[in-house]
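Dear colleague,

My notes on its pockets and charged side chains follow it.

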Amino acid sequence: MGNYAFSVDLGGTTTNFSVFVSDEIISEWTVPTPKDNLLDMLENEIKSKITRLNLGSADFKAIVIGIAGIVKDGIVIKAVNLNLSECDFADLLQSRLNINVIVLNDVNLQAIGESLNYRSLFLVTLGTGIGAGLIINSQLVEGHSGMAGEIGHIYLDSKTPEENASAGGLVKTAENYLKTNDDSSSLRSLEVFTAEDIFNHAKAGDEVALKIIEDIYFRFGKLLAVICSAFDPEVIIISGGISNAGDFLLNIIKEGFAEAAFSNVEIRISEMKERAAVYGAMNIVDSI
């Protein structure tokens, strides 16, 4: 068994590959994720990279794959955007490549990477959707069906965070508000807008954009306080595209959290961002 390894972040739109040795990344690249024939794509990309590096399968210790979907004990229970269901993805790919393959939920893999500095943490990704990873006493918690910590599907009033706090949910919430209210807003000058646009207009003083963001993420902060009461993590880490709003977002979340929290917990924006998945893979490979 060699010392090289692959980290693969298999998303619905793109797939990110990394090759590393110990804690050194020696190659990175990204390809579009195909709608079909995922195994063919992964096999071709990995074999091609191995050849270009003048290496062989025996030089690789493992391939660690993070998948955007429900994964339990390496089995992909459901990954809607990847059209996978009840699939032993690791075994199928391993039989093609003759390299040990390890499969996890993508955010769980990121949580393992973030846990390098903490024994217990709750990672939340606010992106196209909402994902979460829970580490308690240095152990990943998947839960009975692989859905531990998935707060995106908890109802707050009449909606889930997935429906309003994700990037897509925030946009839909803003669109609906503008349709049902006649408040003046600079957002009305845009034919279409993104979650980033909403934050930028809020930062620039648009009262409608600010009101929507404050309402959504103040309540999201209160939900994080409930999570802390249940699991008592050292830290809550916010990642994903929306986290690029930085302290502007963080301060609103912290205000909501403080109103409902039983005890004080550090809440911060991820510094690793998407790179956390690679560090998670390094951690896993190091333990083999």
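How do the residues of the lining of the largest pocket divide into nonpolar, polar and charged? They comprise 13 nonpolar, 21 polar and eight charged residues, where Ala, Val, Leu, Ile, Met, Phe, Trp, Tyr, Cys and Pro count as nonpolar, Asp, Glu, Lys and Arg as charged, and the others, Gly among them, as polar.

Please note that this is a predicted model, in which local features need pLDDT of at least 70 and side-chain atom pairs count only at pLDDT 80 or more, while totals for chains, interfaces and linings use all residues. Residues are numbered from 1 along each chain as its sequence is written, and side-chain values use heavy atoms, with hydrogens and water left out.

**Pockets**

The largest pocket holds about 1,400 Å³ of space. A pocket here is an open set of points on a 1 Å grid over the protein atoms alone, where a 1.4 Å probe fits, with protein on both sides within 12 Å along at least five of seven lines; lining residues have an atom within 4 Å of a point. Grid points are joined across faces, edges and corners, and the volume is the space filled by probe spheres set on the points.

The lining of the largest pocket has 42 residues, and A68, D106, G127, T128 and G129 lie nearest its centre. Two or more lining residues come from each of strand 2 (14–21), strand 6 (75–79), helix 3 (106–114), strand 9 (121–126), strand 10 (130–136) and helix 6 (195–203). Helix 6 gives the most, with five residues. Helices (H or I, at least four residues) and strands (E, at least two) are DSSP runs, numbered from the N terminus.

The second largest pocket holds about 190 Å³ of space. It is lined by 12 residues, with K159, N164, T173, D215 and R219 closest to its centre. Helix 5 (167–180) and helix 7 (207–231) each supply at least two of the lining residues, and helix 7 gives the most, with five. By class, this lining has four nonpolar, three polar and five charged residues.

**Charged side chains**

The structure holds eight salt bridges, a salt bridge being a side-chain nitrogen of Lys or Arg within 4 Å of a carboxyl oxygen of Asp or Glu. Two residues named above at the second largest pocket, R219 and D215, form one of them, with the closest N and O atoms 3.2 Å apart. Both lie in helix 7, four residues apart, about one turn of the helix. D215 is partly exposed, at 40% relative accessibility (buried means under 20% relative accessible area, exposed over 50%, partly exposed in between; 1.4 Å probe, protein chains only).

In helix 1, E43 and K47 are likewise four residues apart, separated by about one helical turn. Their salt bridge has its closest N and O atoms 2.7 Å apart. E43 is buried, at 15%, whereas K47 is partly exposed, at 38%.

R268 is buried, at 16%, and E266 is partly exposed, at 38%.

K49, in helix 1 (residues 38–52), is buried yet has no salt bridge, the nearest side chain of opposite charge being E45, 7.5 Å away (Lys and Arg count as positive and Asp and Glu as negative; His and the chain ends are not counted). The side chain of K49 does make a polar contact of 2.9 Å with that of S27. A polar contact is a pair of N or O atoms within 3.5 Å; within protein, one must be able to donate a hydrogen and the other to accept it, and residues adjacent in sequence count only if both atoms are side-chain atoms.

Yours sincerely
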